[in-house]
Amino acid sequence: MYAKYFTGCLMEDPNESQVLPSDSYFEAYGNADEAPQAKLLPRMLLLNAVQMNEPDIAPRLVQALLAQKAPLEEVWQESGETALLMAVADDDVEVDATTRGKTDIMQILLDAGADFASYVDEDTDYDLVQSAANAGQFEAVVKLVEAGASWRLARGQQRLMAGYCFYVPEILSLSKPGLKLSFIEGRLRLADKWVC
(Lines give C-alpha, C1' and ligand atoms only; values in the text may rest on other atoms or scores of the structure.)
Protein backbone atom coordinates (compact mmCIF):
# COMPACT_ATOMS: atom_id res chain seq x y z
CA MET A 1 0.00 0.00 0.00
CA TYR A 2 2.82 2.43 0.80
CA ALA A 3 4.19 1.97 -2.71
CA LYS A 4 0.91 3.35 -4.10
CA TYR A 5 1.30 6.53 -2.04
CA PHE A 6 4.91 6.81 -3.11
CA THR A 7 4.11 6.31 -6.80
CA GLY A 8 1.03 8.49 -6.83
CA CYS A 9 2.75 11.44 -5.23
CA LEU A 10 5.73 11.24 -7.53
CA MET A 11 3.53 11.29 -10.62
CA GLU A 12 1.41 14.20 -9.41
CA ASP A 13 3.00 16.83 -11.67
CA PRO A 14 4.47 15.23 -14.82
CA ASN A 15 5.52 18.63 -16.20
CA GLU A 16 7.72 19.48 -13.23
CA SER A 17 11.35 19.76 -14.28
CA GLN A 18 12.75 18.95 -10.85
CA VAL A 19 11.88 15.61 -9.29
CA LEU A 20 11.17 16.27 -5.62
CA PRO A 21 8.38 14.96 -3.42
CA SER A 22 5.34 17.17 -3.00
CA ASP A 23 3.59 17.99 0.26
CA SER A 24 1.21 15.09 -0.36
CA TYR A 25 4.24 12.75 -0.36
CA PHE A 26 5.07 13.75 3.20
CA GLU A 27 1.39 13.52 4.17
CA ALA A 28 1.18 10.00 2.71
CA TYR A 29 4.44 9.11 4.44
CA GLY A 30 2.91 10.06 7.79
CA ASN A 31 -0.49 8.44 7.10
CA ALA A 32 0.64 5.16 5.49
CA ASP A 33 -1.07 2.02 6.79
CA GLU A 34 2.23 0.16 6.83
CA ALA A 35 5.69 1.33 7.76
CA PRO A 36 7.68 2.84 4.91
CA GLN A 37 10.76 1.03 3.66
CA ALA A 38 13.81 1.43 5.84
CA LYS A 39 16.20 4.23 4.93
CA LEU A 40 13.72 6.00 2.64
CA LEU A 41 15.16 9.40 1.79
CA PRO A 42 12.71 11.78 0.07
CA ARG A 43 15.31 13.53 -2.08
CA MET A 44 16.81 10.33 -3.44
CA LEU A 45 13.78 9.21 -5.39
CA LEU A 46 15.53 7.15 -8.08
CA LEU A 47 17.47 5.21 -5.46
CA ASN A 48 14.30 4.67 -3.45
CA ALA A 49 12.48 3.43 -6.56
CA VAL A 50 15.25 0.93 -7.33
CA GLN A 51 14.95 -0.51 -3.81
CA MET A 52 11.17 -1.00 -4.03
CA ASN A 53 10.06 -4.61 -3.85
CA GLU A 54 7.23 -4.00 -6.30
CA PRO A 55 8.18 -5.70 -9.61
CA ASP A 56 5.13 -4.31 -11.41
CA ILE A 57 5.61 -0.72 -10.23
CA ALA A 58 9.34 -0.13 -9.70
CA PRO A 59 10.52 -0.40 -13.35
CA ARG A 60 7.80 2.01 -14.54
CA LEU A 61 8.59 4.37 -11.70
CA VAL A 62 12.30 4.34 -12.57
CA GLN A 63 11.42 5.15 -16.21
CA ALA A 64 9.15 8.00 -15.14
CA LEU A 65 11.78 9.45 -12.81
CA LEU A 66 14.44 9.31 -15.52
CA ALA A 67 12.03 11.01 -17.93
CA GLN A 68 11.70 13.78 -15.33
CA LYS A 69 15.52 14.15 -15.23
CA ALA A 70 16.17 12.37 -11.93
CA PRO A 71 19.95 12.23 -11.40
CA LEU A 72 21.11 8.92 -12.92
CA GLU A 73 24.40 8.76 -11.02
CA GLU A 74 23.02 9.90 -7.66
CA VAL A 75 24.88 8.21 -4.79
CA TRP A 76 23.27 6.65 -1.71
CA GLN A 77 24.81 8.57 1.18
CA GLU A 78 25.32 5.66 3.58
CA SER A 79 26.85 3.11 1.20
CA GLY A 80 28.13 5.06 -1.80
CA GLU A 81 25.96 2.96 -4.16
CA THR A 82 24.43 4.27 -7.37
CA ALA A 83 21.06 3.10 -8.71
CA LEU A 84 22.79 0.68 -11.10
CA LEU A 85 24.90 -0.84 -8.33
CA MET A 86 21.76 -1.31 -6.20
CA ALA A 87 19.94 -3.02 -9.06
CA VAL A 88 22.93 -5.28 -9.76
CA ALA A 89 23.25 -6.21 -6.09
CA ASP A 90 19.57 -7.18 -5.87
CA ASP A 91 19.33 -8.96 -9.21
CA ASP A 92 19.01 -12.66 -9.85
CA VAL A 93 16.26 -13.78 -12.18
CA GLU A 94 16.39 -17.30 -10.79
CA VAL A 95 15.15 -16.21 -7.36
CA ASP A 96 11.59 -14.86 -7.62
CA ALA A 97 9.28 -12.33 -9.27
CA THR A 98 10.38 -9.51 -6.98
CA THR A 99 13.95 -9.62 -8.22
CA ARG A 100 12.89 -9.99 -11.86
CA GLY A 101 11.92 -6.34 -11.65
CA LYS A 102 15.54 -5.52 -10.79
CA THR A 103 16.74 -6.95 -14.12
CA ASP A 104 14.22 -4.71 -15.87
CA ILE A 105 15.46 -1.76 -13.83
CA MET A 106 19.07 -2.60 -14.69
CA GLN A 107 18.20 -2.52 -18.39
CA ILE A 108 16.38 0.81 -18.02
CA LEU A 109 19.36 2.33 -16.19
CA LEU A 110 21.86 0.96 -18.73
CA ASP A 111 19.74 2.26 -21.63
CA ALA A 112 19.71 5.67 -19.93
CA GLY A 113 23.52 5.65 -19.86
CA ALA A 114 24.31 4.52 -16.31
CA ASP A 115 28.05 4.26 -15.76
CA PHE A 116 29.12 0.66 -15.23
CA ALA A 117 32.82 1.31 -15.79
CA SER A 118 33.73 3.55 -12.85
CA TYR A 119 32.89 1.14 -10.03
CA VAL A 120 35.79 -0.59 -8.26
CA ASP A 121 35.29 -2.56 -5.04
CA GLU A 122 37.60 -1.18 -2.37
CA ASP A 123 38.32 -4.58 -0.81
CA THR A 124 38.79 -6.81 -3.86
CA ASP A 125 39.54 -4.38 -6.72
CA TYR A 126 36.69 -6.04 -8.63
CA ASP A 127 34.92 -4.00 -11.28
CA LEU A 128 31.11 -4.11 -11.44
CA VAL A 129 31.01 -7.24 -13.65
CA GLN A 130 33.36 -9.14 -11.35
CA SER A 131 31.43 -7.99 -8.26
CA ALA A 132 28.15 -9.15 -9.80
CA ALA A 133 29.78 -12.49 -10.68
CA ASN A 134 31.14 -12.82 -7.15
CA ALA A 135 27.61 -12.32 -5.79
CA GLY A 136 26.33 -15.04 -8.15
CA GLN A 137 24.31 -12.56 -10.22
CA PHE A 138 24.56 -14.36 -13.57
CA GLU A 139 21.81 -12.39 -15.34
CA ALA A 140 23.27 -9.11 -14.07
CA VAL A 141 26.64 -10.07 -15.55
CA VAL A 142 24.99 -10.88 -18.90
CA LYS A 143 23.13 -7.53 -18.94
CA LEU A 144 26.32 -5.63 -18.16
CA VAL A 145 28.23 -7.43 -20.92
CA GLU A 146 25.40 -6.76 -23.38
CA ALA A 147 25.73 -3.08 -22.42
CA GLY A 148 29.44 -3.11 -23.29
CA ALA A 149 31.19 -4.09 -20.07
CA SER A 150 34.08 -6.49 -20.46
CA TRP A 151 34.12 -9.93 -18.89
CA ARG A 152 37.52 -10.86 -20.27
CA LEU A 153 40.85 -10.40 -18.52
CA ALA A 154 42.99 -7.51 -19.70
CA ARG A 155 46.10 -8.54 -21.60
CA GLY A 156 48.65 -9.75 -19.06
CA GLN A 157 46.21 -9.72 -16.14
CA GLN A 158 46.50 -12.72 -13.81
CA ARG A 159 43.48 -14.94 -13.19
CA LEU A 160 44.32 -15.01 -9.48
CA MET A 161 45.78 -12.12 -7.51
CA ALA A 162 46.00 -11.63 -3.74
CA GLY A 163 43.69 -14.61 -3.21
CA TYR A 164 40.96 -13.30 -5.53
CA CYS A 165 39.89 -14.81 -8.84
CA PHE A 166 39.49 -12.16 -11.55
CA TYR A 167 38.23 -14.26 -14.48
CA VAL A 168 34.46 -13.68 -14.57
CA PRO A 169 33.40 -17.17 -15.78
CA GLU A 170 35.46 -18.79 -13.01
CA ILE A 171 34.03 -16.40 -10.42
CA LEU A 172 30.51 -17.31 -11.56
CA SER A 173 31.20 -21.05 -11.61
CA LEU A 174 32.49 -20.79 -8.03
CA SER A 175 29.48 -18.78 -6.85
CA LYS A 176 26.92 -20.78 -8.87
CA PRO A 177 28.18 -24.40 -8.67
CA GLY A 178 25.39 -25.66 -10.96
CA LEU A 179 26.76 -23.66 -13.90
CA LYS A 180 29.57 -25.16 -15.94
CA LEU A 181 32.48 -22.97 -16.97
CA SER A 182 31.96 -23.77 -20.68
CA PHE A 183 28.28 -22.75 -20.48
CA ILE A 184 29.15 -19.46 -18.79
CA GLU A 185 31.87 -18.64 -21.34
CA GLY A 186 29.50 -19.45 -24.21
CA ARG A 187 26.72 -17.28 -22.77
CA LEU A 188 29.10 -14.36 -22.25
CA ARG A 189 30.43 -14.70 -25.81
CA LEU A 190 26.84 -14.43 -27.04
CA ALA A 191 26.29 -11.38 -24.85
CA ASP A 192 29.44 -9.84 -26.39
CA LYS A 193 27.79 -10.10 -29.81
CA TRP A 194 25.00 -7.78 -28.66
CA VAL A 195 27.50 -4.98 -28.17
CA CYS A 196 27.30 -2.52 -31.04
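A residue counts as buried under 20% relative accessible area, as exposed over 50%, and as partly exposed in between. Keep that cut-off in hand for what follows, and bear in mind that this is a predicted model.

First, the overall picture. The protein chain has 10 helices and 2 strands, and from the N terminus on the elements go α-α-α-α-α-α-α-α-β-β-α-α. Of its 196 residues, 43% count as buried. The chain exposes about 10,700 Å², with carbon and sulfur atoms supplying 50% of that. If you take the contacts between residues at least 6 apart in sequence, 64% join residues at least 24 apart.

Now for the rings. Searching the whole structure turns up 4 aromatic pairs. Two of them go in the table.

| Pair | Centre to centre | Angle between planes | Geometry |
|---|---|---|---|
| Phe138 and Phe183 | 5.9 Å | 35° | tilted |
| Trp151 and Tyr167 | 6.2 Å | 45° | tilted |

Phe138 and Phe183 tie together distant parts of the chain: Phe138 belongs to helix H8 (residues 138-146) and Phe183 to helix H10 (residues 181-193), 45 residues apart. Phe183 comes in at 45%, so Phe183 is partly exposed.

Trp151 and Tyr167 also link distant parts of the chain, 16 residues apart. Trp151 lies in the loop between H8 and strand E1 (160-161), while Tyr167 lies in the loop between strand E2 (164-165) and helix H9 (168-175). Both Trp151 and Tyr167 are buried. Elsewhere among the aromatics, Tyr126, Tyr164 and Phe166 make up one cluster.

Finally, a look at helix H4. Which residues of H4 (residues 58-67) are buried? They are Ala58, Pro59, Leu61, Val62, Leu65 and Leu66. Looking down the axis of H4, these buried residues fall within an arc of 160°, so they line one face of the helix. On the face turned away from that buried side you'll find the exposed residues Arg60 and Ala67. After H4 comes Lys69, which has a positive phi, near 70°.

Notes. Residues numbered from 1 in each chain as written. Predicted model: local features only at pLDDT ≥ 70, side-chain atom pairs only at ≥ 80, totals over all residues. Heavy atoms only, no water. Buried < 20%, exposed > 50% of the residue type's maximum accessible area, 1.4 Å probe, protein only. Helix = DSSP H or I, 4+ residues; strand = E, 2+ residues; numbered from the N terminus. Arc of directions from axis to C-beta. Phe/Tyr/Trp six-rings, centres within 6.5 Å; stacked < 30°, edge-to-face > 60°. Contact = heavy atoms within 4.5 Å. Areas by Shrake-Rupley, 256 points an atom, 1.4 Å probe, with all protein chains shown as cover.
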